[in-house]
Amino acid sequence: MSMDRKFVMTALLYAVVGLALGIYMAASKDKGQLVTHAHIMLIGFVVTLSYALLHKLWLTNCYTTLAKAQFYVHQIGTIVLLIGLFLFFGQIVPLEQVDPILAIASITVFIGMVLMLILFIKSS
């Protein structure tokens, strides 16, 4: 499967999860997971879809080790960040326990963005 297609598939999965959470919040009138919802939609859907577009339009046939690493770094960081936010804003885990995990996950997502920048620069 091409990298652009992998990113589109995961972006759409994040969109389904984010929209489902948004519908749940609206129906329950409980906006406690608003930050989690926003992160799912932005980092999960929008950023991941942006990566798909970058691969499709500029990084054609880019199935290198770096491209694969960037994909998995972004996915792992995003998933861990979203789970951590869900646990914290759902008041399941206190901030003291989840904060280090959120910090590492945020840095991981950032590293994924830096790797995408490197891929884009190398493709020029």
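Q: In which helix is Phe45 found?
A: In this predicted model, local features need pLDDT of at least 70, side-chain atom pairs count only at pLDDT 80 or more, and totals for chains, interfaces and linings use all residues. Residues are numbered from 1 along each chain as its sequence is written, and side-chain values use heavy atoms, without hydrogens and water. Helices (H or I, at least four residues) and strands (E, at least two) are DSSP runs numbered from the N terminus, and on this reading Phe45 is found in helix H2.

Q: Which pattern does the chain follow along its sequence?
A: The secondary structure comes to 4 helices and 0 strands. When these elements are read along the sequence, the pattern that the chain follows is α-α-α-α.

Q: Is Phe45 buried, partly exposed or exposed?
A: A residue is called buried under 20% relative accessible area (1.4 Å probe, protein chains only), exposed over 50%, and partly exposed in between. Because the relative accessibility of Phe45 is 22%, this residue counts as partly exposed.

Q: How far apart are the C-alpha atoms of Phe45 and Leu19?
A: Leaving out residues up to four places away in sequence, Phe45 is in contact (heavy atoms within 4.5 Å) with Ala11, Leu12, Tyr14, Ala15 and Ile40. Leu19 stands 26 residues from Phe45 along the chain, and the separation of their C-alpha atoms is 10 Å.

Q: What is the relative accessible area of Thr48?
A: Thr48, like Phe45, belongs to helix H2. Not counting residues up to four places away in sequence, Thr48 touches Phe7, Thr10, Ala11, Tyr14, Ile43, His74 and Gln75. Thr48 is therefore described as buried, since its relative accessible area is 0%.

Q: What is the angle between the planes of Phe7 and Tyr51?
A: Rings of Phe, Tyr and Trp (its six-membered ring) pair if their centres lie within 6.5 Å, and planes under 30 degrees apart count as stacked, over 60 as edge-to-face and the rest as tilted. A search of the whole structure finds 5 such pairs. In one of them, Phe7 and Tyr51 lie 5.5 Å apart, centre to centre, in an edge-to-face arrangement, and the angle between their planes is 75 degrees.

Q: How many residues apart in sequence are the parts that the pair of Phe7 and Tyr51 ties together?
A: Both Phe7 and Tyr51 are buried. Phe7 lies in helix H1 and Tyr51 in helix H2, so their pair ties together parts whose separation in sequence is 44 residues.

Q: What share of the contacts in the chain with a separation of 6 or more joins residues 24 or more positions apart?
A: The chain has 124 residues, of which 36% count as buried. Among its contacts with a separation of 6 or more, the share from residues 24 or more positions apart is 78%.
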